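Here's a quick briefing to read with the model open in your viewer. Have a look at the fold, then work through the topics below.

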Amino acid sequence: MKRKTLATAALLAGLTGLGALPGLALADGGGPEYRHDDRGGHGQHHEDGDDGALFVQTNKAEGNTVKVYDRDDDGRLSPKGEFETGGLGGFTVGAPGDALASQGSLIYHDGLLFAVNAGSNTVTVFRVDGTKLDKLQVVWSHGLLPVSVAVRGDLVYVLNAGGEGSVQGFRLHKDRLSPIEGAHRSLGLHNGNPPAFMTAPAQVEIDPEGEFVLVSTKAANVMFSYEIGRHGELSRHPVISDAGNTPFGFTFDTEDTLLVTESGSNELSRFELEKDGGLDQIGPSVPNGQQAPCWIQRVGDFFFVANAGSSTISSYKVDHDGKLVLVKAVAADTGGGSIDLTASDGFLYVQNAAAGNVQGYEVGKDGSLKLVTEVKGLPKFENGIGMEGIAAS
């Protein structure tokens, strides 16, 4: 089954007329040749004595912070400190459990940590030294309500969800961000600030070849693909493709194929990224029987999806024939409103917003999940706001 790439001009005209929509949907088979995922520490393994760290963004309205935990060889976590970002947490209107309604709000990349400050329209860059964070820069996101960050090499792109919605590109040089001329693009939305949960865009990402910046939407049911120019600038007009029913989180499983969660229909889909940036669906979408699958994280040959509405984790893989298959509908029952995910060294970490905790699971060779650690006392989702954003070194 394939889905046709939509005409850009016609769809943009429709997007600019979008308002709040009735009905609210809650919100890495993959060959082993591609294992990149910035949130998961690039799949690296740490030497003895350097077990790595876990970072959790509190997204507190009165002052955003990142809590840091040491990870031992068995994946267990112990608190090591809390660091101010210099900005404010934020929220989308009508969020059912995840305040920022996005994937990728906290990103670890080559010794740096990037955190969005949705409430103050800024992004913070930290240098990571083990379990200590050194705040290097707080930079304007060039938009309203930044919710997602993508990093590849020296290019960084930030997704702003408020107002018209936008993408802004930055050049990373000597651990500092500077805006790229010609890398600010409007998404043409007519959102307020803060935007409604359903009409806020969900994620920005750069494809493995470094040729396109992709943005997923929810209510529009499409993916935007902007071609990246020689100096990091973006094409003036994106290719816009049908991406299923309420596309939310996505990750690549090879250099030109990606998996997209469809939170409105409780499915996962696989797409080929065409040479022009359009998406072409590979096979049928695969349901998991859960509610609101929104976030996706790769660990080895398995892809784990967080189902916020049912507080569960589902597991998928791509078989040798390139067919996307559901391994287990409920690989874990977290019991607390599962949202964002990260992974490193064969461990999967799940952020549970309703419960105010993070759980760590050891991933078996068959994709099974064994609970090995849990940290409590994190900001629960209450009154429309709560923690969101998790990454690992």
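Which residues does Pro287 touch, leaving aside those up to four places away in sequence? They are Asn266, Glu267, Tyr316 and Leu326. Keep in mind that this is a predicted model. Overall, the protein comes to 1 helix and 30 strands, and 62% of its 393 residues count as buried.

**Around Pro287**

- Pro287 sits in strand β21, which covers residues 286–287.
- Its relative accessibility is 46%, so Pro287 falls in the partly exposed class.
- One of its contacts, Leu326, is 39 residues away along the chain, yet the two C-alpha atoms are separated by 7.8 Å.

**The β9 to β12 sheet**

- Here 4 strands make an open sheet, running in the order β9-β10-β11-β12 with antiparallel pairing.
- At the edges you'll find β9 (146–152) and β12 (176–186), each of which pairs on one side only.
- From one strand to the next, the twist averages 25 degrees.
- Zooming in on one pairing, β9 and β10 (residues 155–160) run antiparallel and are joined by 6 bridges.
- To find your place in that pairing, look for Ser148, which stands opposite Leu159 in β10.
- As background, strands of a sheet pair through backbone hydrogen bonds, either parallel or antiparallel.

**The β26–β27 hairpin**

- Strands β26 and β27 form a hairpin with 2 residues between them.
- In the turn, Asp345 has a positive phi of about 55 degrees.
- The two strands pair in the antiparallel sense over 5 bridges, and β27 spans residues 347–352.
- Within this pairing, Ser338 stands opposite Asn352 in β27.
- How many of the 7 residues of β26 are buried? The count is 7 of the 7, so β26 (residues 338–344) is largely enclosed by the rest of the structure.

**Salt bridges**

- The count for the protein comes to 7 salt bridges.
- As a reminder, side chains of opposite charge can pair when their charged atoms come close.
- Asp253 and Arg270 form one of them, with the closest N and O atoms 2.9 Å apart.
- Asp253 belongs to strand β17 (residues 247–254) and Arg270 to strand β19 (residues 267–273), so this pair ties together parts that are 17 residues apart in sequence.
- Are Asp253 and Arg270 buried or exposed? Both Asp253 and Arg270 are buried.
- Arg171 and Asp154 also meet through their side chains, at 3.0 Å from N to O.
- That pair links distant parts of the chain, 17 residues apart: Arg171 is in strand β11 (residues 166–173), while Asp154 is in the loop between β9 and β10.
- Arg171 has a relative accessible area of 23% and Asp154 one of 35%, so Arg171 is partly exposed and Asp154 is partly exposed.
- Arg76 and Asp74 make another salt bridge, at 3.1 Å from N to O.
- Arg76 is partly exposed at 42% relative accessible area, and Asp74 is partly exposed at 43%.

**Nonpolar cores**

- The largest nonpolar core has 40 residues, and Phe114, Tyr157 and Val213 touch the most other members.
- Strand β10 supplies the largest share of this core, at 5 residues.
- Another core lies apart from it, with 30 residues, among them Ala99, Ala202, Ala306 and Leu341.
- Leaving out residues up to four places away in sequence, what does Val213 touch? Its contacts are Tyr157, Val167, Val204, Glu205, Ile206, Phe224, Ser225, Tyr226, Ile228 and Leu234.

**Surface**

- The protein exposes about 14200 Å².

Notes. Residues numbered from 1 in each chain as written. Predicted model: local features only at pLDDT ≥ 70, side-chain atom pairs only at ≥ 80, totals over all residues. Heavy atoms only, no water. Pairing = 2+ DSSP bridges. Axes fitted to C-alpha atoms, helices over the stretch in contact; angles between N-to-C directions. Salt bridge = Lys/Arg side-chain N within 4 Å of Asp/Glu carboxyl O. Buried < 20%, exposed > 50% of the residue type's maximum accessible area, 1.4 Å probe, protein only. Contact = heavy atoms within 4.5 Å. Core = buried A, V, L, I, M, F, W, Y, C linked by side-chain atoms within 4.5 Å. Areas by Shrake-Rupley, 256 points an atom, 1.4 Å probe, with all protein chains shown as cover.
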